[in-house]
Amino acid sequence: MSTKVLIVDDEVEFASTLAERLALRNYDVKAVYHAEDAITTAQSDPPDVVLLDLRMPGIGGFEVLKTIKKIDPTIEVILLTGQPKTEVTGEEIPTGLFDYIMKPVDMGELIVKINNANEKRNLSKHS
Amino acid sequence: MEYDELITSQLSFIGKVLSVFSHEINNHLAILKESVGLIGDLIELGKTSSRKDLKEILKITQSIKNQIEQTTYFCDKLNGFGHGMEEPLSAFNIHKSIEELMVLLRRSINQKMICLEKDFTANMPLIYSNPLKIQFLIFCLVEKHLKRLDKNSRIIIKTVYSNDSIGITIIPKGNLIETDEEVICNDEIYKHIIKQLGGSISQKTADETTIMLPVSLFSSSNRS
């Protein structure tokens with residue numbers, strides 16, 4: 001079964017193009033452009049891995065991360081950020097974040113992170 | 001007022017503009033990288049000989065062109081902002097100057113789900129003044145409202161021209177929220193800057209603030 005990936009980013013063009021590229025690599029991908037839609041999707045059709053933009057209008061990335069983890073703690077979240085990791089870590093990071101990836105995204109690096117996150121989710125689900 | 005306080009506020013303003021700018025450019029680059037990557041994927045992983053894929057590639061190249069145009073427009077605004085700092089006084093179009101600020105701060109304002117709108121009067125003459133200080137002043141007033149307004153609110157920047165003076169009014173529209181967030185500049189800073197610009201600042205209602213500026217700032221005593 002293919003890994004279910006949910007992309008959450010208010011940059012519609014970025015999210016939809018990334019979704020198309022991951023779909024070509026046989027991932028089961030859905031892209032949403034509002035934080036509220038990410039929460040609804042996590043409840044109705046839980047993904048294995050969420051690629052989550054840090055800065056979005058209204059509810060920010062960290063708030064979405066906390067809510068998703070409350071819905072299902074086994075869903076793994078990878079943060080998409082334009083900031084270097086050192087700057088992001090300066091903020092108050094909620095627990096449960098699997099990893100970060102910098103924008104512009106390196107596809108090879110992203111694939112490795114998604115697969116590792118999915119592996120962790122599978123282990124958590126079966127333990 | 002403390003000289004350091006003023007410099008710190010102005011540097012914070014420039015820093016904010018630069019960080020929003022670099023974030024925006026980075027987003028455009030991320031989209032460009034994905035678009036180019038998708039073309040590569042279609043060639044490598046798809047069936048590029050099909051008419052459907054060729055149409056898809058044409059669609060992506062159009063999207064790349066749009067992204068480049070948007071990035072160029074954005075860079076142009078930063079370029080104008082940078083040129084505004086070169087000379088203490090210059091003749092410029094106040095609307096162009098306000099628009100620069102609006103474009104450069106758009107992302108941070110959108111993130112608060114607040115809409116920044118303009119209501120510019122027609123036939124505005126050129127102003128001889130300091131564009132950076134005017135932008136800084138408008139930024140301070142907009143920022144003050146940004147901290148206090150609830151989401152889905154609006155901030156309108158309105159301009160008028162009368163008696164050789166230009167009026168810039170900042171009008172917030174929406175619900176207020178309680179906040180203890182710090183603002184970059186305080187009332188002392190407004191007064192100091194407006195004095196340097198040879199103008200005045202007034203508050204007509206509880207929220208509406210108007211800056212009046214002379215069209216021409218000649219007096220050397222007003223120069224910073």
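Domain bounds here come from an automatic or database domain assignment. For chain B that assignment gives domain 1 (3-83) and domain 2 (90-222). The centres of domain 1 of chain B and domain 2 of chain B, taken over C-alpha atoms, are separated by 28 Å.

This is a predicted model, in which local features need pLDDT of at least 70, side-chain atom pairs count only at pLDDT 80 or more, and totals for chains, interfaces and linings use all residues. Residues are numbered from 1 along each chain as its sequence is written, while chains are lettered from A and ligands numbered from 1 in the order in which they are written.

**Two contact surfaces of chain B**

Two residues are in contact if their C-beta atoms, placed from the backbone, lie within 7 Å. Between the domains of chain B, the contact takes 15 residues from domain 1 and 13 residues from domain 2. Helices (H or I, at least four residues) and strands (E, at least two) are DSSP runs, numbered from the N terminus. On the domain 1 side, α1 (3-44) and α2 (51-83) of chain B each supply at least two residues, and α1(B) has the largest share, 10 residues.

Chain B also touches chain A: 19 residues of chain B are in contact with 16 residues of chain A. On the chain B side, α1 and α3 (94-111) of chain B give two or more residues, and α1(B) gives the most, 12 residues.

The table divides both sides by class: Ala, Val, Leu, Ile, Met, Phe, Trp, Tyr, Cys and Pro count as nonpolar, Asp, Glu, Lys and Arg as charged, and the others, Gly among them, as polar.

| Domain 1 of chain B, touching domain 2 of chain B | eight residues | five residues | two residues |

**Helix α5 of chain A**

A residue is buried if 20 or more other C-beta atoms lie within 10 Å of its own, exposed if 12 or fewer, and partly exposed in between, with C-beta atoms placed from the backbone. The buried residues of α5(A) are Leu110(A), Lys113(A), Ile114(A), Ala117(A), Asn118(A) and Arg121(A). They lie on the same side of α5(A), because they cover an arc of only 135 degrees around the axis, taken from the directions from the helix axis to the C-beta atoms. These buried residues pack against β1 (4-8), β3 (49-53), β4 (76-81) and β5 (97-102) of chain A. The face turned away from the buried side carries the exposed residues Gly108(A), Glu109(A), Leu123(A) and His126(A).

**Confidence**

The model scores ipTM 0.85 and pTM 0.83. Chain B averages a pLDDT (the predictor's confidence in each residue, from 0 to 100) of 86, and 90% of the residues score at least 70. Over residues 219-224 of chain B the pLDDT is below 50.
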